[in-house]
Amino acid sequence: MIPDWLLILLVVVCGACIGSFLNVCIFRLPRGESLLWPGSRCTSCGRTLSWYDNVPVLSWAVLGGRCRTCRAPVSVMYLLVEVITALTFLGGYLWYGLTPLGGVRVLFACALIVLFVTDLQHKILPNAITLPGIAVGFLCSLFLPPGWRDSLIGILVGGGVLFGIAEVYYRVRGHEGLGMGDVKLLGMIGAFLGWKLVLLTLVLASFSGSLVGGAFIVSGRGDMKYALPFGTFLAIGALVAAIWGTPIVDWYFGFYG
Ligand SMILES: [Zn+2]
């Protein structure tokens, strides 16, 4: 029997390593580059990184966030992604234990981490994440919560209905309010969490989006257009919905259902 502290350590180390891979996805997917080849390089001097430059969290800390060769600063975002992914794995383990549902929810959270950062940095939600995400979410729901019916309706509600809203908005206002990337992301969230939680995600994202947008206006830093991209709010909303959504929805439907 493996002692619990050792298991927790393994989960955290595993999470940091996966976080390192998520960094590769975050950097390469928006640029249309291959994930597998070539190996990691310094984006400044192009030097291929050796394994000891690639140890999650530790390399960044030891090198003070700079390239070993050219001393160019390495974005703190790399470190944050590794730390947050490690914490996600720890949270998933403490919340669900080593269960299939825990594995699926952690996978879902990893996809959200990538999408959050690519939307923040490039305003891109790569199809390479959202489209397979819809399929994987649905396949997992054949065996696990929310169940395939809920998942299928979730995809239709998230993807289909919002696609309609986006179309109408575009026709009426003449510019995109809700991008197609957001629609596919909502389809993916619906596939993993079911229709109730994808609606909750939309409510949470719209609410926090208007709060931040309002704060931007009040602070005189520009209007809503310059606020954060909507996909970042959807990613955070989905994470909240995945963790605390079921009690919130039960409470709501308990009152009104
Ligand atoms: Zn360098």
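The zinc ion has a tetrahedral site, with angles of 106 to 115 degrees among its 4 donor atoms. For four donors, tetrahedral requires all angles to lie between 85 and 135 degrees. This is a predicted model, where local features need pLDDT of at least 70 and side-chain atom pairs count only at pLDDT 80 or more, while totals for chains, interfaces and linings use all residues. Residues are numbered from 1 along each chain as its sequence is written, and side-chain values use heavy atoms, with hydrogens and water left out.

Back to the zinc ion. Its protein donors are the SG atoms of Cys-42, Cys-45, Cys-67 and Cys-70, at 2.3 to 2.4 Å. Donors here are N, O and S atoms within 2.8 Å of the metal, or 3.2 Å for Na, K and Ca; water is not among the atoms, so sites may look incomplete. The sequence spacing of the donor residues is C-x2-C-x21-C-x2-C. Cys-42 sits in the loop between helix H1 (4–28) and helix H2 (58–62), and Cys-70 in the loop between H2 and helix H3 (76–96), so this pair ties together parts 28 residues apart in sequence. Helices are DSSP runs of H or I with at least four residues, numbered from the N terminus.

Are these two cysteines buried or exposed? Cys-42 is buried at 11% relative accessible area, and Cys-70 is partly exposed at 31%. Buried means under 20%, exposed over 50%, and partly exposed in between, with a 1.4 Å probe and protein chains only.

Next, the rings. The whole structure contains 2 aromatic pairs. In one of them, Trp-51 and Tyr-52 have ring centres 5.6 Å apart and planes at 85 degrees, so the pair is edge-to-face. A pair needs centres within 6.5 Å, with the six-membered ring used for Trp, and edge-to-face needs planes over 60 degrees apart. Trp-51 is exposed, at 68%, and Tyr-52 is partly exposed, at 40%.

Arg-31 lies over the face of Phe-27, 3.7 Å from the ring centre. The criterion for Arg is CZ within 6 Å of the ring centre and within 35 degrees of the ring normal.

Last, helix H6, residues 148–173. Its 26 residues reach 36 Å from first C-alpha to last, close to the 38 Å expected at 1.5 Å a residue; that expectation is 1.5 Å times one less than the number of residues. H6 bends by about 25 degrees at Val-157, the bend being the angle between axes fitted to the seven residues ending there and the seven starting there. Val-157 is also among the buried residues of H6, as are Gly-154, Gly-158 and Leu-162.

How values were computed:
Phe/Tyr/Trp six-rings, centres within 6.5 Å; stacked < 30°, edge-to-face > 60°. Tetrahedral: all angles 85-135°; square planar, octahedral: opposite > 155°, others 65-115°. Helix = DSSP H or I, 4+ residues; strand = E, 2+ residues; numbered from the N terminus.
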